[in-house]
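Subject: A structure for you to look at

Hello,

I am passing on the structure we talked about, and I hope you enjoy looking through it. Please open it first, and then read on for my notes.

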Amino acid sequence: MSLTSLIGLTRPELAAALAAVGVEGKDARMRAGQIWHWIYQRGATSFEAMTSVSKALRAKLAERFTLERPEIVEAQLSEDGTRKWLLRFGPGIEVETVYIPEEDRGTLCVSSQVGCTLNCRFCHTGTQKLVRNLTAGEIVAQVLVARDALADYPAGKPTELRRVTNVVMMGMGEPLYNFDNVKAAIQIMADGEGLSLSKRRITLSTAGVVPMIARAGEEIGAMLAVSLHAARDEVRDVLVPLNKKYDIDTLLAACRAYPGLSNARRITFEYVMLKGVNDSIADAKLLVKKLAGIPAKINLIPFNAWPGAPYECSDWAEIEKFADVVNAAGYASPVRTPRGRDIMAACGQLKSESVKERASAKFAALRSAELQRMPG
Ligand code: SAH
């Protein structure tokens, strides 16, 4: 019989799994809490390590369950401290996770799907078919891999010494197309006895799956980022084909209604700068007009080219002019220097499916490095 992973189970699911090996009755809750603590607060990778659990139970757990991490196919470290892991969950099931340390925080960029269905024209992942959704356990495991490598488990560690302080769901895939698993994973991340990250420090980025936005606010409650990239439907229809289903006004209406939206909890609008496509002063003016009334940050992202990409990055002078218009309208619009460039050097030569995935996660890495400071 193959072993069942306990990583990514909700608390009730964990209790049910333990009941299956006879941990029941008044003891059960306490035991489940203990094991939960060992997994997420202390980073136990084996039941053997769980010294507060009886030897007999540890042995029983090891017969049925596992805490095994995914295979790390590749781990890279940039000279600026950015780290990247290529993880394999099974044959052909590979994703990348990226860690971006900054002075006052460390952000982990996590994937939600292997591949993507959205086909955004400027995105490398869009050239690859969806393989499958990641499970909650596979999403959570990305955080565990980073915490393993960084010796960053929260037990007994003062908050100011934490290394992974923020998570952005900005890796491969569309998180709102994998709602249940993303929700379960974020609940574990935000559980004070789990991965212990505040929901203010977890950001979910969507290309604009309108019917799921309200539910994301109500049921997940993370910070929201929206990949807007254009202020006109003719342009967005091409860049983000999902726009043909949910146009800009429909998307922005859902944003205005996002549960919990306030000046302290703004929506981040991502806007990739594409030369001659969406980067004119008129576009900037229309953008701020469209966003009027939404507590927002605007994140301008220099386009990261890839082989065969049908676009170029805007000239720096144009990006600055665009940012000036956005700033004048009262929005912060940082354009940040990309991080970890040195470990992305081979971008131009990547070809195979799994290598394409690496390329797209690299773009996500650049993206999250530029993500504006989140409150809280
Ligand atoms: N599907 C979700 C999550 C992916 S987040 C979403 O669309 O929001 C990844 C971010 O990187 C998105 O804003 C995406 O539009 C952006 N991106 C994709 N390819 C890029 C590229 N080549 N250069 C810059 N940003 C890119």
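Let me begin with the ligand. It is surrounded by 21 residues, and the closest are Gly 173, Ser 205, Ser 227, His 229 and Asn 304. For Gly 173, a backbone N or O atom lies 3.0 Å from a nitrogen atom of the ligand. Ser 205 uses its side chain instead: an N or O atom there is 2.6 Å from an oxygen atom of the ligand. At Thr 206, a backbone N or O atom lies 3.4 Å from an oxygen atom of the ligand. On its own the ligand has 540 Å² of accessible area, and the protein covers 95% of that. Which elements give two or more residues to the shell around the ligand? They are E10, strand E12 (267-273) and helix H11 (353-370).

Please keep in mind that this is a predicted model. The mean pLDDT of the chain is 88, and 89% of the residues reach 70 or more. Two stretches call for a note here. Residues 344-353 have a pLDDT below 50, and beyond near neighbours in sequence this stretch has 15 contacts in the model. Over residues 370-376 the pLDDT also stays under 50, and the model has 35 contacts beyond four places in sequence for them.

Next, the charged side chains. Side chains of opposite charge can pair when their charged atoms come close. How many salt bridges does the model have? The count comes to 19.

One of them joins the side chains of Arg 11 and Asp 191, with 2.9 Å from N to O. This pair links distant parts of the chain, 180 residues apart: Arg 11 sits in helix H1 (residues 11-20), while Asp 191 is in the loop between helix H5 (179-190) and strand E10 (202-206). Is Asp 191 buried or exposed? Asp 191 has a relative accessibility of 17%, so it counts as buried, the cut-off being under 20%. Arg 11, at 35%, counts as partly exposed.

A second salt bridge pairs Asp 283 with Arg 232, whose closest N and O atoms are 3.4 Å apart. These two residues also link distant parts of the chain, being 51 residues apart: Asp 283 belongs to helix H9 (residues 281-291), and Arg 232 to the loop between strand E11 (223-227) and helix H7 (233-239). Asp 283 counts as buried because its relative accessibility is 5%, whereas Arg 232 is partly exposed at 32%.

Glu 138 and Arg 132 form another salt bridge, with the closest N and O atoms 2.8 Å apart. Here Glu 138 is buried, with a relative accessible area of 10%, and Arg 132 is partly exposed at 28%. There is also a network of salt bridges that links Glu 71, Arg 88 and Glu 94.

Finally, two points about the backbone. Asn 119 is not a glycine, yet it has a positive phi of about 55°. You will find Asn 119 in the loop between strand E7 (113-114) and strand E8 (132-133), and at 42% relative accessibility it counts as partly exposed. Ser 196, not a glycine either, has a positive phi of about 60°.

Happy exploring, and do write back with any questions.

Best wishes

Methods. Residues numbered from 1 in each chain as written. Predicted model: local features only at pLDDT ≥ 70, side-chain atom pairs only at ≥ 80, totals over all residues. Heavy atoms only, no water. pLDDT = per-residue confidence, 0-100. Contact = heavy atoms within 4.5 Å. Salt bridge = Lys/Arg side-chain N within 4 Å of Asp/Glu carboxyl O. Helix = DSSP H or I, 4+ residues; strand = E, 2+ residues; numbered from the N terminus. Buried < 20%, exposed > 50% of the residue type's maximum accessible area, 1.4 Å probe, protein only. Near = heavy atom within 4 Å. Polar contact = N/O pair within 3.5 Å; in protein donor to acceptor, adjacent residues only side chain to side chain. Areas by Shrake-Rupley, 256 points an atom, 1.4 Å probe, with all protein chains shown as cover.
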